[in-house]
Amino acid sequence: MDAREKEIEKLKDYKYGFSTDIENTRAPKGLNEEVIKFISNIKKEPKWMLDWRLKAFERLKQLKEPNWQKPKYPKIDYQGLYYYSAPKSMDDKPKSLDELDPKLLETYKKLGIPLQEQARLNGIAVDAVFDSVSVATTFKGELNKKGIIFCSMSEAIREHPELVKKYLGSVIPLTDHYFATLNSAVFTDGSFVYIPEGVRCPMELSTYFRINATETGQFERTLIIADKGSYVSYLEGCTAPMRDENQLHAANVELIALDDAEIKYSTVQNWYPGDKDGVGGIYNFVTKRGLCKGKNSKISWTQVETGSAITWKYPSCILKGDNSVGEFYSIAITNNHQKADTGTKMIHLGKNTKSKIISKGISAGFADNTYRGLVDIARNADNARNFTQCDSLLMGNKCGAHTVPYIKNKNSSSNIEHEATTSKISEEQLFYCNQRGLNQEEAVSLIVNGFCKEVLQQLPMEFAVEAQKLVGISLEGSVG
Amino acid sequence: MEQLKVDFDKVIESLKLSRESINFRKKNFNQFINNGFPNKRVEDWKFSDLNQIISSNIENLRFYTDLELGETDESTFIDKFAHNKIIFLNGIISKVDFSFEDDSKVLITNDLNQNETSKEVNPLVSLNNALVASYIRVTVKENYSLNKPLIIYNITTKKLKSTTINLKTDIVLEKNSSLKLINLCGDNSENNFINIVQNFDISQDAILKNYKIDHKKNSNIKYSYNNINLEKNSISENFIFSTGSKFMKNEINCNLNDKYSSAFINGIINLTNSQHHEIKTNINHLAENTKSYQLIKSVLNDNAKGIYQGKIYVDSKAQKTNGYQLSKALLLSENTEFDGKPELEIYADDVKCSHGATSGNLDEDAIFYLMSRGLSNQQSKELLINGFLLDAVEKITDIEIKDLIKKMIGIVE
């Protein structure tokens with residue numbers, strides 16, 4: 001097989017594996033104060049923001065990379081990365097979508113993001129983040145009417161400093177773990193959402209992340225604030241081109257729900273997982289944390305994790321307000337040499353708080369899939385309630401499925417239930433499907449989709465369809 | 001640490017060991033010195049900071065004692081049924097009595113000269129290897145089943161204070177043999193650290209029933225490590241009754257090495273005041289068609305803290321494994337705490353593994369139901385708690401011993 005054919009063969013497996021030739025503006029290679037100043041300067045940030053970044057960098061110097069996790073990875077050379085990379089045409093920012101580099105638009109078209117017309121049809125407002133810079137935010141006018149702020153993080157820092165100052169770092173403080181602190185120092189862009197009091201956001205908000213340039217890390221930061229009595233549903237999708245080297249993605253996502261507010265955050269993560277032999281792929285080390293600050297607030301995480309060489313993330317809820325609710329629905333699919341160590345933390349602080357965790361792990365090939373979670377009920381969290389269910393499905397005996405729940409209960413009036421099972425697709429199920437005319441692969445896809453149903457149902461309509469397909473694609477070739 | 005070094009030399013001097021054995025002990029001693037008592041930064045001790053527990057409960061811990069053997073407290077002995085005895089008094093063997101058995105079928109040795117090439121398990125096992133002053137090895141010969149149960153008494157007297165006691169027992173069951181064993185603690189002492197290591201080798205078709213009882217309230221800090229190796233078609237039944245000591249950690253590491261072997265670990269933790277008990281299990285399924293079952297019930301009162309850390313490991317060779325694990329805890333008072341870490345690590349696909357963990361208070365509806373039938377609030381609670389504990393106790397397959405434990409809990413039928 002010659003090189004060209006090989007390339008084509010590769011592309012078949014990962015349909016987002018194209019890269020786009022766009023001129024990039026990059027920060028100098030490496031991690032130091034100069035680079036941070038460069039990023040802050042190029043984004044025309046006020047001084048307080050730069051100070052904040054530098055403070056995080058100071059802290060970072062004292063921190064060590066964590067090493068307790070199950071998936072081990074070769075040491076990351078933080079000095080060998082570019083911390084800022086923006087398409088050149090962004091230097092003089094386009095005023096409207098028509099002025100965007102047509103090549104960029106083409107990329108998004110390949111990805112299937114409804115940036116223009118499709119956006120209107122689907123009623124999804126999209127904020128697309130390409131490498132490090134937020135490219136375009138659609139549907140702004142309509143959202144403005146309701147008083148909803150949906151813009152890139154850089155814009156929010158300039159336009160809405162009072163909100164950013166108040167909430168940025170309030171859930172994931174500067175002093176958090178290594179990757180979160182790294183993000184605080186060098187974050188480049190991301191989405192900012194503010195839903196004013198009593199407003200129900202009329203459409204699904206969405207961001208699309210894509211890592212394009214080589215040797216770049218992506219460090220986006222998302223901040224969503226739902227004011228009293230408001231509601232928002234937010235979607236996030238991710239892809240990256242295929243490259244032989246491993247790329248780092250260390251994002252921070254902070255959610256804040258005030259009294260009676262509800263935030264629903266859905267992720268479909270399809271970063272490049274590396275090839276069949278585990279070469280290349282994204283290191284997806286993301287910190288996601290939601291704070292149910294007010295009474296009766298609710299935060300719900302839904303994630304479909306099919307990509308990345310290593311996924312290492314725990315979207316968490318801090319249930320501080322009385323009667324607040326946290327939910328976590330997750331599907332993690334690993335194939336070939338992928339590794340996933342994911343789960344959630346539910347920290348019950350308020351009275352009558354409730355949390356629910358549904359996790360489905362599917363492991364095939366040589367992959368390792370770990371659910372790691374914490375349910376912590378504090379002394380004062382009277383009548384707290386938790387239900388956890390983790391199911392794992394194994395395909396083949398070269399892969400692994402693990403469950404590591406930590407359960408801490410300090411309150412006698414609370415109630416915790418945890419259950420976990422591990423199994424495989426039974427011969428009977430396969431036979432039944434085969435007999436009805438489905439081939440092996442269709443049968444597996446159907447059974448796996450059934451296994452995941454409980455989580456897929458939580459996704460918004462448009463995503464659910466895509467996610468279902470993704471579940472099928474990720475497992476192609478794993479049985480038979 | 002200075003005290004430890006001085007005491008180590010004293011132990012070595014007093015025991016008259018072979019050179020190899022001294023080297024073996026020195027190696028283990030250094031392993032302990034390098035790590036010290038585990039603290040909560042060590043993952044296995046995350047919920048129980050032993051270093052802190054020892055330093056806040058025991059002043060000037062010594063590692064060597066030359067106490068004269070005192071009078072044995074007769075009240076500790078079980079008089080319900082006839083049995084064989086091994087008595088450890090303040091860490092020294094004071095009596096070995098196998099009068100019910102055939103001498104040629106049960107072999108007893110107590111040679112302290114050991115030079116195992118065993119790998120490092122954890123710092124406390126190393127400490128035990130380095131300092132152990134009395135050792136006993138029981139070998140049950142092929143096709144022999146003991147007529148009566150064996151009770152290993154571990155008795156301490158009032159004179160013993162702020163001292164570390166290290167005990168070590170090896171039990172070897174040859175093919176098709178069987179043994180019922182009770183490890184019974186009779187503590188009359190206060191503020192000591194007792195470190196027990198037991199090793200079980202269970203050959204093909206052999207059956208071990210091991211009941212570990214710590215029932216008498218005392219202020220000692222205890223750690224018990226059991227290593228169990230199971231061969232083809234062998235069975236190991238374990239029951240842990242954990243209610244007496246100030247702190248107790250029972251750790252069981254169980255290797256299912258060959259086909260059709262099975263392991264059962266059931267237990268109850270029943271605590272009051274500021275007691276702190278932990279059960280940690282490690283079940284390694286290393287061959288096909290192996291089975292494990294665990295049920296742990298905890299009842300916590302006052303300021304007590306209970307912990308269950310259980311792990312099921314399934315090797316990629318161990319197809320058709322059946323692993324089950326359930327932990328239930330009742331938190332009866334505001335200041336109690338229960339922490340759990342039920343863990344599964346699975347590398348084989350044709351397995352049936354599940355675990356469950358619950359913790360909470362008594363069901364109000366159940367109390368209401370019983371009260372509406374004429375029971376007082378107190379009686380209803382007692383009935384429900386007893387029922388809750390009985391679930392685990394009923395798993396004991398030996399009737400005499402089951403009744404003994406029921407009586408110790410105070411369940412009247």
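Visitor: Into which domains is chain B divided?
Guide: Domain bounds here come from an automatic or database domain assignment. Chain B of this predicted model is divided into domain 1 (2-258) and domain 2 (366-413).

Visitor: How many Å apart do the C-alpha centres of domain 1 of chain B and domain 2 of chain B lie?
Guide: The two domains also touch. Residues are in contact if their C-beta atoms, placed from the backbone, lie within 7 Å. The contact takes 12 residues from domain 1 of chain B and eight residues from domain 2 of chain B. Their C-alpha centres lie apart by 31 Å.

Visitor: Which strand gives the most to the side of domain 1 of chain B that touches domain 2 of chain B?
Guide: Strands (E, at least two residues) and helices (H or I, at least four) are DSSP runs, numbered from the N terminus. Strand 7 (178-187), strand 9 (207-214) and strand 11 (235-242) of chain B each supply at least two residues of that side. With three residues, the most comes from strand 11 of chain B.

Visitor: At roughly what angle do the axes of helix 2 and helix 4 of chain B cross?
Guide: Axes are lines fitted to C-alpha atoms, for helices over the stretch in contact. Angles run from 0 to 180 degrees between N-to-C directions. The axes of helix 2 (residues 19-35) and helix 4 (residues 123-131) of chain B come within 8 Å. They cross at roughly 145 degrees.

Visitor: How many charged residues has the contact of helix 2 of chain B with helix 4 of chain B?
Guide: Helix 2 of chain B brings residues including B:Arg25 and B:Phe29, and helix 4 of chain B brings residues including B:Pro123 and B:Leu127. Ala, Val, Leu, Ile, Met, Phe, Trp, Tyr, Cys and Pro count as nonpolar, Asp, Glu, Lys and Arg as charged, and the others, Gly among them, as polar. The contact has five nonpolar and five polar residues, and the charged number one.

Visitor: Which strand gives the largest share of the side of chain B that touches chain A?
Guide: The contact takes 31 residues from chain B and 29 residues from chain A. Strand 18 (337-346) and strand 19 (352-360) of chain B each give two or more residues to the chain B side. The largest share, 10 residues, comes from strand 18 of chain B.

Visitor: Which residue of strand 19 of chain B does A:His418 stand opposite?
Guide: Strands pair if DSSP finds at least two bridges between them. Strand 24 (residues 415-424) of chain A and strand 19 of chain B pair in the antiparallel sense over seven bridges. Opposite A:His418 stands B:Ala357.

Visitor: What is the mean pLDDT of chain A?
Guide: pLDDT is the predictor's confidence in each residue, from 0 to 100. It stays under 50 over residues 89-96 of chain A. In chain A, 78% of residues reach 70 or more, and the mean pLDDT is 81.

Visitor: What ipTM does the predictor give the complex?
Guide: Residues are numbered from 1 along each chain as its sequence is written, and chains are lettered from A and ligands numbered from 1 in the order in which they are written. In this predicted model, local features need pLDDT of at least 70, side-chain atom pairs count only at pLDDT 80 or more, and totals for chains, interfaces and linings use all residues. The predictor gives the complex a pTM of 0.86 and an ipTM of 0.86.
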